[in-house]
Amino acid sequence: MKPLKELTRPNIWTLKPYSSARDEYNGAEASIFLDANENPYNTPNNRYPDPLQRELKRLIAPVKKVLPEQIFLGNGSDEAIDLLFRAFCRPGTDNVVAIDPTYGMYQVCAEVNDVEYRKVQLDEDFQFKSDKLLAASDDNTKLVFLCSPNNPTGNNLCQEEILALLQDFQGLVIIDEAYADFSDVPSYLNKLEDYPNLIVLQTFSKAWGCAAIRLGMAFASKEIIGIMNRIKYPYNVNLLTQQEAIRMMEKHYQVQEWVKSLLNERSRLVKEFRKLPCCEQVYPTDANFFLTRVTDAKRIYDYLVEKGIIVRNRTNVTLCHNCLRITVGTRPENDALLEALKGKKWEK
């Protein structure tokens with residue numbers, strides 16, 4: 001890995017971050033706050049939230065087996081993704097490399113930040129080779145994005161290839177683990193100490209059932225997290241989100257029960273879906289969804305919409321012609337999907 005200073009945009013490295021009233025105060029317990037021009041009425045929503053989310057990070061750290069200073073919390077994982085571009089990629093000069101197909105926000109953030117986005121297509125098994133990603137990179141490649149389990153394919157990426165990339169790539173490797181709670185493969189959080197160029201993304205949106213509160217997590221060295229904190233908006237995670245996340249952390253064992261239930265339902269749904277006449281193939285999945293090739297994705301998608309059942313048509317995505325992406329729902333929801341498709345084939 002190149003020195004972090006060399007990877008960071010020079011203006012970001014020397015940036016003096018905005019100092020909010022709540023950043024400057026970090027002393028004994030106080031009861032009267034006259035520092036932030038807040039309205040003294042309408043407690044507690046009249047007060048600015050903790051800009052560094054200290055209590056929440058304190059609860060997350062033992063669950064994820066990391067230190068609080070290795071945690072960045074943002075307005076969804078998308079904020080962390082965007083900040084990585086803003087911190088490390090010089091507009092019009094630097095580039096990033098990513099697998100294809102994968103989560104679309106990596107490319108959107110690249111285009112917003114005027115950073116070249118280089119795609120390396122997966123093979124027929126939706127896997128990649130580290131040497132191909134390295135071949136697509138050059139001295140101006142700052143970031144490589146991997147999503148594992150991948151979206152929309154659902155499968156885990158090969159661990160041997162990921163570790164080879166971490167070892168050989170001189171920039172930062174981001175592993176997006178939004179769906180890792182549904183996988184048997186251990187999180188790459190346990191590799192943070194071995195690879196200083198590793199950044200792991202996770203989210204409260206999937207297994208934690210909190211998509212509405214918009215809370216994403218990034219884990220990395222305290223130096224990388226420090227750079228992200230330097231350029232984030234001062235109060236990027238609101239009080240209501242922090243409170244709900246704290247409540248969820250206090251019942252994280254229930255989340256494990258949700259995951260177990262969804263995995264059981266995933267197995268049943270995939271088994272039954274394969275029997276449908278419109279199904280040509282269901283690809284292996286390690287997520288809470290599966291990718292399936294069907295006889296006519298557009299017609300089947302439109303038909304399901306008419307029935308009030310919404311899936312995702314991925315037919316225009318690389319390697320996903322005539323494919324639908326289907327999220328595992330409750331048993332009644334999944335049964336409604338199966339019943340709607342029974343006996344229907346939609347010949348090409």
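Which helix and strands do the buried residues of H6 pack against? The legends below begin with that view, and the model in every view is predicted.

**View 1. Helix H6 and its packing partners.** Helix H6 covers residues 105-112, and Tyr106, Cys109 and Ala110 are buried in this helix. Down the axis of H6, the buried residues fall within an arc of 105 degrees, so they line one face of the helix. Their packing partners are helix H5 (76-88), strand E3 (116-121), strand E4 (141-147) and strand E5 (172-176). Glu111 and Val112, on the other side of H6, are exposed. Asp114 follows H6 and has a positive phi, near 55 degrees.

View 2. Most peptide bonds are trans. A cis bond joins Asp100 and Pro101, with omega about 10 degrees. Pro101 sits in the loop between strand E2 (95-100) and H6. Another cis bond joins Asn151 and Pro152, where omega is about 20 degrees. The loop that holds Pro152 runs between E4 and helix H8 (159-168).

View 3. Most residues other than glycine have a negative phi. Asn37 is not a glycine, yet its phi is positive, about 55 degrees. This residue belongs to the loop between helix H3 (21-24) and H4, and Asn37 is exposed, with a relative accessible area of 79%. Leu319 also is a residue other than glycine with a positive phi, here near 70 degrees. It lies in the loop between strand E10 (312-313) and strand E11 (323-327). Leu319 is partly exposed, its relative accessible area being 30%.

**View 4. The second largest pocket.** The space in this pocket amounts to about 580 Å³. It is lined by 22 residues, and those closest to its centre are Val63, Lys64, Asp181, Ser187 and Gln202. Helix H4 (54-64) and helix H11 (252-273) each contribute at least two residues to the lining. H11 gives the largest share, 4 residues. By residue type, the lining of the second largest pocket holds 10 nonpolar, 7 polar and 5 charged residues.

**View 5. Salt bridges between pairs of residues.** The model has 15 salt bridges in total.

- Asp50 and Arg54 form a salt bridge, with the closest N and O atoms 2.6 Å apart. Asp50 is partly exposed at 23% relative accessibility, and Arg54 is partly exposed with a relative accessible area of 36%.
- Asp82 and Arg86 form a salt bridge whose closest N and O atoms are 3.6 Å apart. Both residues lie in helix H5, 4 residues apart, about one turn of the helix. Arg86 is partly exposed, with a relative accessible area of 25%.
- Arg90 and Asp94 form a salt bridge, the closest N and O atoms being 2.8 Å apart. Arg90 counts as partly exposed at 31% relative accessibility, whereas Asp94 counts as buried at 1%.

**View 6. A network of salt bridges.** Which residues are linked in a network of salt bridges? The members are Glu265, Arg268, Arg331 and Asp335.

Notes
Residues are numbered from 1 along each chain as its sequence is written. This is a predicted model: local features need pLDDT of at least 70, side-chain atom pairs count only at pLDDT 80 or more; totals for chains, interfaces and linings use all residues. Side-chain values use heavy atoms; hydrogens and water are left out. On a 1 Å grid over the protein atoms alone, a cavity is a set of points where a 1.4 Å probe fits but cannot get out, and a pocket is an open set with protein on both sides within 12 Å along at least five of seven lines; lining residues have an atom within 4 Å of a point. Grid points are joined across faces, edges and corners, and a volume is the space filled by probe spheres set on the points. Ala, Val, Leu, Ile, Met, Phe, Trp, Tyr, Cys and Pro count as nonpolar, Asp, Glu, Lys and Arg as charged, and the others, Gly among them, as polar. Buried means under 20% relative accessible area, exposed over 50%, partly exposed in between (1.4 Å probe, protein chains only). The arc is that of the directions from the helix axis to the C-beta atoms. Contact means heavy atoms within 4.5 Å. A salt bridge is a side-chain nitrogen of Lys or Arg within 4 Å of a carboxyl oxygen of Asp or Glu.
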